[in-house]
Amino acid sequence: MAPAGHLVRRVDQRPATDPAHAGRAERARRTRPPRNSLGPWGHAVVIGAGFTGLLTARVLAGHFDRVTVLERDELPPGTAHRSGLPQARHPHGMLARGARIVEDLFPGVRAELAAQGAPVFDFGDGFATRLPHGWAPRCPIGLEVQSFDLAHLEALLRARVRTLPEVRLRDGFAVDGLWLSADRRRAVGVTGHRRTDPGRTPVGIAADLVVDAAGRRSRLPGWLTAAGLPSPRRSEVPSPLVYSSRMYEMTGDRVPDWSASFEMTLPPSVGRGGAAITVNSTRRLVSLIASAEELPPPRDDEGLRRFAATLRSPHFAEVMERGRPVSPVYRCVVGGSRWLRYDRLWPRPDGLLALGDAFCAFNPVYGQGLTVAALQARLLDRLLTTADGSGAPVHRFQRGAARIALVPWLTATAADAGWSAEPIGQPARMVRTLLDTILRRLPDDPELYARFARVQNMVASPAILLRPLLARPARRASSSAVTGPRGRLTRRRPRPPPSADTSH
C-alpha cells in the first residue's frame, strides 16, 4: 500500500524498446518449461541479497519472467564485507545437507571456494570438537563439509545470480513497506526509496510475489501492523552469548591437524567456548564465546590470549601463538533464537512469503541457519515446480518451512533454555534430557557420534539416535578404539578372553 500523501513512482516495467532485456526474456522463454500456477508468473521481488535472498532468487529465476532483488546495503566489490552483515566477521559453517543443496543450485561453487583455499574435509576427521564431557571421537564418517568466509561465499553466489537473465539486483534500495491490493488480501509489490536520494522519494515496485529474505533485519511484522493486518506471534529464547572474533595469518611450518575446531558451551555448567575455522591455506578465523553474565571475551590481544588459556581445548591458544593477527577484534551479540510464526498467521496476504532468518532465526553457535534457509529455498522450488494452478504453493510453503525449522528450533532452544531460570515446555525438556544423555555418551562411543554427526548435519532423522541409546544404555567404546587427549582415535590391543568359551 502506497504511503498516504505521497506520489509513488512505479518502476516495475522496463521499456519495451530495451533490446538487452528483450533478448534475455526471449532466451528465458525458450529454455524454461511451461508453467501452470500462480497466475501471471510475471515478476517476483526478493527483499535482501544475502545468502538466503540469493538462493531464493536462483530458485525464482526458474519460474518467473523477472526477479528483482532489493538490497539495502551498497554491495561492496569482490569479497569485501558489507556493513549490514556484521555476523559475517565471525565463523560460519554449512552443514552437509545445506552444502549439497547449494551445489545443486550453483554447480561448481564448492570447487570455486576450494580454489580460493577453503578446505573440503570429512566432518568426523577434520572437525575437532571438545564436548562438555570430553573430546568427540576423531574418525572419518563419510560426511564432506567445507569451511569458508561467509563474505567469500556470498560474493560467489552474487556473481552467479547476476548472470541470470531473469534477475536484476538493485543495491542501495531501502524497502519501506508492502504494497497491498485495495482489499488488503494480496501483496502486489513493495514501496521504498533509493538511499542516495536525499528526498527519499517513494518508489513503488509491483510484483506478483514478494519474498522477505531480509534476515534478522526484517521489518515485515511492522509493515503488516501499519496496514491494519495482524502480525505474527513471536517465540523467543534468548541467549547471553557474546562472540569476539579475529583473523590470524598462520606462520611457520607446523600446521594444525584439524580444519575446524569447536568447544561447546552448555548452560548452565559450561559458560565458555570457542570456534575456529580454516578460511584458506594460511588463515584461521578464531571466535571466543562466553555469556555476558560470566565474563565476555575481551577486545585486546593479551586479553584474548588469557581467555583462550582458560578453555579446555588448546586449539584457540595455539592459533594465537603460531599466528599473526591480521584483523581487528570484532564483537557480536546475537541474542538467541527467534521464530515469527507466519505459518499460523491469519489472515495472511496472498503473494507474500518469509524464509530464512526473517522467518526463524537460530543462535548461530549451532550452525543451523544456512542449511535451514537452503532447505526452505529447495521447498519453494519444489512447490512451484509441481503447482496445479490453484495458488496452493504459496499457502503450503509457510507450513512446510515451519516443518523444516521445527527440529533445529527444538534442539537450539532446548540447549539455550539453560541460560534462563524461566520454565520450559515439555517438548523442550524432553529434547534437553535426550541431549544431555547423548553428550555424556559421545566421547566413548564412536558409533553413536557418527549417528549424532549425521543428525547434526541434517542428513538423517533424530530417530537414528534412539536405537543405540536403548540397546546399549551403558555402552563404552570398543576395546580396540579409544579417544586420545584431543579426540583423535588411537588403537590398542584387545584383552584376551578369560577362557576359551566366549559365548554370551
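1. Helix H6 buries Leu150, Ala151, Leu153, Glu154, Ala155, Leu156, Leu157, Arg158 and Val161. Buried means under 20% relative accessible area (1.4 Å probe, protein chains only). Helices are DSSP runs of H or I with at least four residues, strands are E runs with at least two, and both are numbered from the N terminus.

2. This is a predicted model: local features need pLDDT of at least 70, side-chain atom pairs count only at pLDDT 80 or more, and totals for chains, interfaces and linings use all residues. Residues are numbered from 1 along each chain as its sequence is written, and side-chain values use heavy atoms, with hydrogens and water left out.

3. The length of H6 checks out. Its 13 residues (150-162) should span 18 Å at 1.5 Å a residue, and the end C-alpha atoms are 18 Å apart, which agrees. The expected span is 1.5 Å times one less than the number of residues.

4. Now the sheet. Five strands form an open sheet in the order E9-E3-E2-E13-E22, with parallel pairing. Strands E9 (167-171) and E22 (352-354) are the edges, each pairing on one side only. Pairing requires at least two DSSP bridges between two strands.

5. Strands E2 (residues 43-47) and E3 (residues 66-71) run parallel and are joined by five bridges. His43 stands opposite Arg66 in E3.

6. Leu304, Arg305 and Ala308 of H8 make the contact with Phe316, Ala317, Met320 and Glu321 of H9. Contact means heavy atoms within 4.5 Å.

How values were computed:
Buried < 20%, exposed > 50% of the residue type's maximum accessible area, 1.4 Å probe, protein only.
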